[in-house]
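Please look over the sequence and the structure shown here before reading the report that follows.

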Amino acid sequence: MKTAYSLKETPEEIAQDLQTQFSIDSPKAIVFFASSAFDPEAISSSMYKAFPNATVFGCSTAGEIVSGKMLKKSVVAMAFEDQIIDTINLSIIKDVKSDKAVEDAFAVFEKQVGKSMLELDPTAYVGLILVDGLSMKEEELMDKIGDLTNVTFLGGSAGDDLQFKQTHVFAAGQAYSNAAVLALLKPKIGFDIIKTQSFSASPRELLATRVDEQSRQVLEFNGKDAAAAYAEIIGASVEDAPKHFMKNPVGLIIDGEPYVRSPQQIKDNHMVFYCNVKDQMKLSILESTDIVKDTQTALAEKKAEMGKLGAILNFNCILRTLELESEGRTEDYGKIFEEVPTVGFSTYGEQCIGHVNQTATMLVFKG
Amino acid sequence: MAGREKHLMGSKGTRRSKGNPAVAKVVKAKFVLEGINPDEYPAGGCVHPANIQ
């Protein structure tokens, strides 16, 4: 697996630059993550033209990650060569709000692979999902994906450099909003998943007693206005509660592991989250730990399990990136991936089993 | 009906996982993320069996 990045000015120059750096005759697939500073149609089209025989896909970002670095206003890319990937298939969901979005996308895969998605061996196949980060449809997509297959799909929600106006996914030379790209990979080498978040669960819990799932709002925790209940449990005033959001989000604890739900804002005494909270969901108040140290540990543990790590796709939450930036530690985070070919981006949400926040989900290939 | 919901959840997990513990773990996590925690239905839960497809 090879990675490259470009800081050139135009989509055409960037695609040419990446093509030169890869110097591979005919990569099987190219995944790329592009700053929203670049025209989405132009970057997708240029990348497609630069690698005419490859499956080319990607999305817009809120910052890019490449081996050893966290970047802005760049395009990062990974080239999958023939000896790494047996097959790769793409399916584009052009309307994530469609009731049959996943079924239709999976029908494409089933036709290509010749098997039901439910029959596919999850140790032989892995899926990637890149989805419009402003669609608020990630939970529904992931729920449906989990209903229809045992293959793990992981990925990230596309970003737009914190403008929150429009995000894009890219496939086969086109750029789409309100859309998702699914990729089904059958690697020739070993692979595994990392899901890491830097929080420990406190014994303090909130029970969601009234919610509006569609708008990702919790109206009440513990039978009280959600904002008041959250403020009370962390020992702050409602006015000061947002100052605690970054370090004290809430988490659904499953087998001891937090699935983070991050508060976004207080609105009319309710709490708006970056992912939805179900009615009667019991959530623990989380306490932040060290992102750099925890990520190093997660990689070291995976390396101990797998042996040498060959490549990593890293979907890293923008809130983690903002925390690293505020602490002046982006360089330290980038360096964690210095020795392993890595690309990734700062996401507006991460996917692994479900939709989560303040997490990094990674697809790791064996070296 | 005692424990029926828990049994149905367990049976779905077993059917889907075919004995693969990693898949069983994922199926359980998926249930919990969807708001149904199998660990919280020891005897007579209140989830309608129709919701456990």
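Is B:Glu34 buried, exposed or partly exposed? With a relative accessible area of 22%, B:Glu34 is partly exposed, where buried means under 20% relative accessible area, exposed over 50% and partly exposed in between (1.4 Å probe, protein chains only).

## Basis of the model

This is a predicted model, in which local features need pLDDT of at least 70 and side-chain atom pairs count only at pLDDT 80 or more, whereas totals for chains, interfaces and linings use all residues. Residues are numbered from 1 along each chain as its sequence is written, chains are lettered from A and ligands numbered from 1 in the order in which they are written, and side-chain values use heavy atoms, with hydrogens and water left out.

## The interface of chains A and B

Contact (heavy atoms within 4.5 Å) involves 18 residues of chain A and 14 residues of chain B. Two salt bridges, each a side-chain nitrogen of Lys or Arg within 4 Å of a carboxyl oxygen of Asp or Glu, are found across this interface.

B:Lys30 forms a salt bridge with A:Asp147, with the closest N and O atoms 2.9 Å apart, and also meets B:Glu34 in a salt bridge (2.2 Å, N to O). B:Lys30 counts as buried at 10% relative accessibility.

## Salt bridges within chain A

A:Arg216 and A:Glu138 form a salt bridge whose closest N and O atoms are 2.7 Å apart; A:Arg216 is buried at 7% relative accessible area, and A:Glu138 is buried at 1%.

A:Arg204 pairs with A:Glu287 in a salt bridge, the closest N and O atoms being 2.8 Å apart. A:Arg204 is partly exposed at 28% relative accessible area, as is A:Glu287 at 33%.
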